[in-house]
Amino acid sequence: MAEISSEMHSSGPIVSRREALQATAGAVALAALPLQSAAARRSPAGVSSDIAVSMNVNGRAHTLIVDPRQSILDVLRETLDLPGTKKGCNQGACGACTILVDGKRIVSCLTLASMHDGADIQTIEGLENDGELHPLQAAFVEHEGLQCGFCTSGQIMSGLGCIAEGHVGSPEEIQFWMSGNICRCGAYPGIVAAVADAAERI
C-alpha cells in the first residue's frame with residue numbers, strides 16, 4: 001500500500017473534490033464572459049428598454065413608462081403611490097397583493113404590468129365612495145375580520161372576487177374559494193362571516 005500511495009503522489013498533485021468543482025465552475029464562468037461582452041456591445045449605452053403601458057386604475061386613466069420586468073404590484077406601490085396593496089411573500093403564495101384586473105382577482109406580485117396594457121384595475125383604495133366604506137369593508141369591521149391588518153386589503157379584494165364569482169353559498173364554500181389568502185393572525189371566522197354578510201348587501 002505504501003508503494004502504491006507513493007506512486008500516486010509522485011504522478012502529480014492530488015486535487016480534492018471541492019477544488020475540482022471550484023475549478024470547473026470557474027472555467028464555465030470564464031467561458032460565458034465573451035457572450036456577455038457581445039450582448040453588452042449589442043445594447044448601446046443610453047438606450048432604454050422601458051415601454052409605455054396604459055391602464056385604468058380605480059377609475060383614473062394612466063399612461064406609464066415601465067420596465068417590462070415590473071410587476072403590477074411594484075407599479076401600484078412605487079409609481080402610482082398606492083400602498084394599500086401589500087407586498088407579502090412576493091411569490092404569489094399569501095394573497096396579500098390581491099387586486100381585481102378586468103373584474104378578476106389576481107396576485108399582482110406575479111403579474112407583469114407590461115402584459116396588461118389597457119387593463120381596468122381596482123385596488124383597495126378605489127372601494128370607498130365619497131368617504132363611505134364599501135359594504136365589504138364595513139362588514140370586515142363589524143365582524144372583526146382583521147387583527148394586524150396587513151393581509152386585509154388582499155382579503156377584501158379577494159372577497160369581492162369571491163362574491164362576483166358566486167362562491168358564497170355556504171361558509172365552507174367561502175373558505176375554499178378564499179383559501180389563497182393567508183391571515184397570519186387567524187381571523188378566518190370573521191373574514192368568512194364578513195364575506196357572507198356583504199354578499200347579501202351588494
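1. Helix axes here are lines fitted to C-alpha atoms over the stretch in contact, with angles running from 0 to 180 degrees between N-to-C directions. On that basis, the axes of α4 (residues 135–142) and α7 come within 8 Å and cross at roughly 140°. Angles over 145 degrees would count as roughly antiparallel. The α4 and α7 pair is therefore oblique. The crossing of α4 and α7 is right-handed. Note that the model is predicted.

2. Now the residues behind that crossing. From α4, the contact takes P135, L136, A138, A139, F140 and E142. From α7, it takes I191, A194, V195, D197, A198 and R201. By class, the residues of this contact are nine nonpolar, no polar and three charged.

3. Helix α7 (residues 188–201) has a further partner in α5 (residues 152–164). The axes of α5 and α7 come within 10 Å and cross at roughly 45°. The two helices are therefore oblique to each other. Their crossing is right-handed.

4. Which residues of α5 meet α7? They are Q155, G159 and I163. Across from them, α7 supplies I191, V195, A198 and A199. The contact of α5 with α7 divides into five nonpolar, two polar and no charged residues. I191, V195 and A198 of α7 are named in this contact and also in the contact with α4.

5. Next, the overall layout. The protein chain has seven helices and five strands. Read from the N terminus, the order of elements is α-α-β-β-α-β-β-β-α-α-α-α. Of the 202 residues, 35% are buried. Take the contacts between residues at least 6 apart in sequence: 56% of them join residues at least 24 apart.

6. Helix α3 spans residues 72–79, and its buried residues are I72, L73, D74, V75 and L76. What do these buried residues pack against? Their partners are the strands β1 (51–57), β2 (60–66), β3 (98–101), β4 (104–107) and β5 (119–122). D74 deserves a look, as it is listed among the buried residues of α3.

7. Backbone check. Most residues other than glycine have a negative phi. D81 has a positive phi, near 55°. Is D81 buried or exposed? D81 is exposed, at a relative accessible area of 58%.

8. The loop between α3 and β3 also holds N90. Phi of N90 is positive too, near 60°, and N90 is not a glycine. N90 is partly exposed, with a relative accessible area of 36%.

9. Cysteines. How many disulfides does the model contain? The count is zero. A disulfide needs two cysteine sulfur atoms within 2.5 Å. The closest cysteine sulfur to that of C89 belongs to C94, at 3.8 Å, so the two are too far apart for a bond. C89 is partly exposed, with a relative accessible area of 29%.

10. C97 is in no disulfide either. The nearest cysteine sulfur to C97 is that of C109, 3.8 Å away. C97 counts as buried, at 4% relative accessibility, whereas C89 is partly exposed.

Notes: Residues are numbered from 1 along each chain as its sequence is written. This is a predicted model: local features need pLDDT of at least 70, side-chain atom pairs count only at pLDDT 80 or more; totals for chains, interfaces and linings use all residues. Side-chain values use heavy atoms; hydrogens and water are left out. Buried means under 20% relative accessible area, exposed over 50%, partly exposed in between (1.4 Å probe, protein chains only). Helices (H or I, at least four residues) and strands (E, at least two) are DSSP runs, numbered from the N terminus. Contact means heavy atoms within 4.5 Å. Angles under 35 degrees count as roughly parallel, over 145 as roughly antiparallel, 65 to 115 as roughly perpendicular and the rest as oblique. A crossing is left-handed if the near helix is turned anticlockwise from the far one by less than a right angle, and right-handed if clockwise. Ala, Val, Leu, Ile, Met, Phe, Trp, Tyr, Cys and Pro count as nonpolar, Asp, Glu, Lys and Arg as charged, and the others, Gly among them, as polar.
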